[in-house]
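Work through the exercises below with the coordinates open. Each task is followed by a solution in steps.

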Amino acid sequence: MVTLLNMVIGGLLLGGLYALIAMGLTLQYGVARVLNISHGEFIMLGGMTTWTLYTVFGINPLVCLAICGPIAFVLGFGIHRVLFRRLQASAPSQGAFESSSMLASFGLLFIIQNLASIAWGTEIRAYTYLAIPVHLAGAVFQANRLVALGCAVAIGVAFYIFVARTRMGKAIRAAAQDPATAGLMGVNINSVLALCFGLGAAMAGAAGVLISMIYPVHVVMGMPYTVIAMIVVALGGLGSIPGSFIGGFVLGLVGSIVAYMDPGLSLVAYYGIFILLLLVRPTGIMGR
Amino acid sequence: MPGLFLIVLLLLAALPVYRPGYKVILVSSILMYVILTVSWVIFSGTTGYLSLAPAAFFGVGMYTAAVLGMALPLPVVVVLGGLASSCLAFLVGAVTLRLRGIYFAIFTFGLVEFIKNLLLWWEIERTGTRGRFVVLVDNNTIYYVMLAILVMTVLTAYFIRRSRYGLALQSIGEDEEAAVHAGINVTALKIVTFAISAVFMGAAGAIWATQLTYIDPYIAFNLNYSFMPVLMAIFGGIGQPYGPILGAAVVAYLREILITEFPYQYMLLLGIILLVAILFLPNGLVGLVERARRRAFGGQRANT
């Protein structure tokens, strides 16, 4: 019983991070139509920056959240303005834009990863923060994992309220449904798309900060997270924000159960779920 | 164009005679990238389904060589490498090719990581080692086998393009819905073409493994083998049949130079080249060549 509880809570802790990462990718793919292969690199940037800020300058990782998030946002916003908007303008069709933007994100991946390895080197970096044991319903967890879950859920909920309740959020939803019509209705479509790409990058950056509190970070850590984010996004239904949130927790639970049996197989299990999903319900949990 | 191809082929065939040693290894690796790129274009270039699986097929070929290399003669190993990859492509295609293109891209992207992790787990849990040694083959043999695979790949790509079958593929790329209504069995066609394109990647992997002599899951299933063919095809331009060949040859050569000259910045430079190619060369190198050709012979041709 205790092991089961252990696995479920462990899964929720992991799921919170996955949900955050996947929500970021959903924004970038569902609204801005960029299947961003370099998503994991923003996670890496968040993690590495936090490591530097904490170990060199002694800045609390939770404060880093407020530093890395906005920096990642500006970076993402700028990249969309400089790169993806031009591609969108010159692409003959939506399908052509989807493949050319995906290829451009490879280019970003190469560039970011190489710059990061010049800046930080290829060593594995780790620090300890809030590694205090907390007793939770008979199971023991580290406080940093609980803090990470709390932050991930808080960001997710805040973002959901932003999209569901504000005027800007309405513009985002309109752009997700039909960018051309949204533009005709007076939505400044270019800045909404750039905003979404920036917000996606900010979520990845924030997730990187939270991940660095729990796991060691290194320059090539991004790719597995990109794969996980893509699987969660497909699981939740392409472009659905609540779907990604739920999908993240589903995958987290699966990951925690599989990791209990054999840690080497978690990515394999995620992929197995993805295959199953494509065979049974290719539109995802919340997809139409 | 076939005449030029024949001349280049003869020059390549004579290379080990007048330039033995390092140059042979260098050109083998360029040939390998040309094979990957041309076979990628056979499927993805025409149908528009973006496959990120070349690394998976290439890696399966490598592991075929590692597992069977000691027991069987080299040509058999190379053929089996191709067939094994083709079987994998068939399975992947059967699962994903009924769905929208973007699922296919995600699925093939994850496939490489999936196989890498599964294989790593298997090797550590069951065989107790991480990597495997591959039987050694001399450089000239590798070179000629690579060249033979290249010729078959290019011929296959050429004949597919010229046939009714190629026209059907093209129509899928332009408008899949219309292709269905024209009576084309699109799913079967996509799966078969995907499987054909994987044969050459697997065969190239099997022979390339013998040059590396040692492989492990991280070496064999490296996502760069997926990214590079896509980059090379885009850089060369997929509008003309010679575009991918040109792109692969130029970028592969550039890559060798960058790796030796700037080992710590070469990914950065490749990334910048890729971005520049996507932003400013929408039709690739071929677009430049065609424009130059039009300018040179512009007056002599009727506008069609």
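**Exercise 1: Burial along H11(B)**

The buried residues of H11(B) are Tyr225(B), Ser226(B), Phe227(B), Met228(B), Pro229(B), Val230(B), Leu231(B), Met232(B), Ala233(B), Ile234(B), Phe235(B) and Gly236(B). The model is predicted.

Task: Decide how far H11(B) is covered, and compare its span with the expected one.

Solution. 
- Step 1. Count the covered positions. Of the 13 residues of H11(B), 12 are buried, so the helix is mostly covered, given a cut-off of 20 or more other C-beta atoms within 10 Å.
- Step 2. Check the length. From first C-alpha to last, H11(B) reaches 18 Å. That is close to the 18 Å expected at 1.5 Å a residue.
- Step 3. Look past the end. Gly237(B) follows H11(B), and its phi is positive, near 100 degrees.

**Exercise 2: Two helix pairs in chain B**

Task: Classify the packing of H11(B) with H14(B), then that of H2(B) with H9(B).

Solution. 
- Step 1. Two packed helices are described by the angle between their axes and by the distance between the axes.
- Step 2. Take the pair H11 (residues 224-236) and H14 (residues 284-297) of chain B. Their axes come within 3 Å and cross at roughly 15 degrees. An angle under 35 degrees counts as roughly parallel, so H11(B) is roughly parallel to H14(B).
- Step 3. List the contact. Ile234(B), Phe235(B) and Gly236(B) of H11(B) meet Gly284(B), Leu285(B) and Val286(B) of H14(B). The classes are four nonpolar, two polar and no charged residues.
- Step 4. Take the pair H2 (residues 22-47) and H9 (residues 186-212) of chain B. The angle is about 170 degrees and the axes are 9 Å apart. Over 145 degrees counts as roughly antiparallel, so H2(B) is roughly antiparallel to H9(B).
- Step 5. List this contact too. H2(B) brings residues including Met32(B), Leu36(B), Trp40(B) and Phe43(B), and H9(B) brings residues including Phe194(B), Phe200(B), Met201(B) and Trp208(B). The contact divides into 12 nonpolar, six polar and one charged.

**Exercise 3: The interface and chain A**

Solution. 
- Step 1. Count residues. 38 residues of chain A are in contact with 35 residues of chain B.
- Step 2. Assign them. H4(A) gives the largest share, 16 residues.
- Step 3. Sort by class. The chain A side has 28 nonpolar, eight polar and two charged residues.
- Step 4. Read the fold. Chain A has 11 helices and two strands. Their order from the N terminus is α-α-α-α-β-β-α-α-α-α-α-α-α.
- Step 5. Check burial. Of the 288 residues of chain A, 53% count as buried.

Terms used: Residues are numbered from 1 along each chain as its sequence is written. Chains are lettered from A and ligands numbered from 1 in the order in which they are written. This is a predicted model: local features need pLDDT of at least 70, side-chain atom pairs count only at pLDDT 80 or more; totals for chains, interfaces and linings use all residues. Axes are lines fitted to C-alpha atoms, for helices over the stretch in contact, and angles run from 0 to 180 degrees between N-to-C directions. Helices (H or I, at least four residues) and strands (E, at least two) are DSSP runs, numbered from the N terminus. Angles under 35 degrees count as roughly parallel, over 145 as roughly antiparallel, 65 to 115 as roughly perpendicular and the rest as oblique. Two residues are in contact if their C-beta atoms, placed from the backbone, lie within 7 Å. Ala, Val, Leu, Ile, Met, Phe, Trp, Tyr, Cys and Pro count as nonpolar, Asp, Glu, Lys and Arg as charged, and the others, Gly among them, as polar. The expected span of a helix is 1.5 Å times one less than its number of residues.
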